[in-house]
Amino acid sequence: HWPIVMRRVMADGADDWLKGFVRSIARQGKRRNWRPTPKQAFIMRQLVNDVRLASGADVPVIERD
């Protein structure tokens, strides 16, 4: 989900700190043995959840007649 998060953050005009964070995670994620710190993982999970909620991925589908 991270590429989607990156696109959203860069396109939505988010603050500079958030843009820097997303770029930093993408850069570090390329390293073979890199693992996020607990704080980074927490922020990453929040961003992924925000994207999923915005896209409606977790919203159940209600059929209408």
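Trainee: Which residues is Q28 in contact with, leaving aside its neighbours within four places in sequence?

Mentor: Leaving those neighbours aside, Q28 is in contact with W34 and Q40, where contact means heavy atoms within 4.5 Å. Please keep in mind that this is a predicted model, in which local features need pLDDT of at least 70 and side-chain atom pairs count only at pLDDT 80 or more, while totals for chains, interfaces and linings use all residues. Residues are numbered from 1 along each chain as its sequence is written, and side-chain values use heavy atoms, with hydrogens and water left out.

Trainee: Where is Q28 found, and is Q28 buried or exposed?

Mentor: Q28 is found in helix α2; helices here are DSSP runs of H or I with at least four residues, strands are runs of E with at least two, and both are numbered from the N terminus. Its relative accessible area is 18%, so Q28 is buried, given that buried means under 20%, exposed over 50% and partly exposed in between, with a 1.4 Å probe and protein chains only.

Trainee: Which side chains make a polar contact with the side chain of Q28?

Mentor: The side chain of S24 makes one with Q28 at 2.7 Å, and the side chain of W34 makes one with Q28, also at 2.7 Å. A polar contact is a pair of N or O atoms within 3.5 Å; within protein, one must be able to donate a hydrogen and the other to accept it, and residues adjacent in sequence count only if both atoms are side-chain atoms.

Trainee: What about W34, where does that one sit?

Mentor: W34 is found in the loop between α2 and α3, and at 12% relative accessibility W34 counts as buried. Apart from neighbours within four places in sequence, W34 is in contact with I25, Q28, G29, Q40 and M44.

Trainee: Which residues touch the most other members of the largest nonpolar core?

Mentor: Of the 14 residues in that core, W2, V5, F21, V22 and L47 touch the most other members. The elements giving two or more residues to this core are α1, α2 and α3 (38-55), and the largest share, five residues, comes from α3. A nonpolar core is a set of buried Ala, Val, Leu, Ile, Met, Phe, Trp, Tyr and Cys residues joined through side-chain atoms within 4.5 Å. As one example from that group, V22 is in contact with W2, M6, V9, M10 and L47, leaving aside its neighbours within four places in sequence.

Trainee: New topic: how many aromatic pairs are there?

Mentor: The count comes to one aromatic pair. The ring centres of W17 and F21 are 5.4 Å apart and their planes are at 10 degrees, so the pair is stacked. The rule takes rings of Phe, Tyr and Trp (its six-membered ring) with centres within 6.5 Å, and calls planes under 30 degrees apart stacked, over 60 edge-to-face and the rest tilted. W17 and F21 are four residues apart in helix α2 (residues 16-28), and are therefore separated by about one helical turn.

Trainee: Are those two buried or exposed?

Mentor: W17 counts as exposed, at 54% relative accessibility, whereas F21 counts as buried, at 9%.

Trainee: Stepping back, what does the secondary structure of the chain come to?

Mentor: There are three helices and zero strands, following the pattern α-α-α along the sequence. Of the 65 residues, 29% count as buried.

Trainee: And what pLDDT does the chain average?

Mentor: The average is 84, and 83% of the residues score at least 70; pLDDT is the predictor's confidence in each residue, from 0 to 100.
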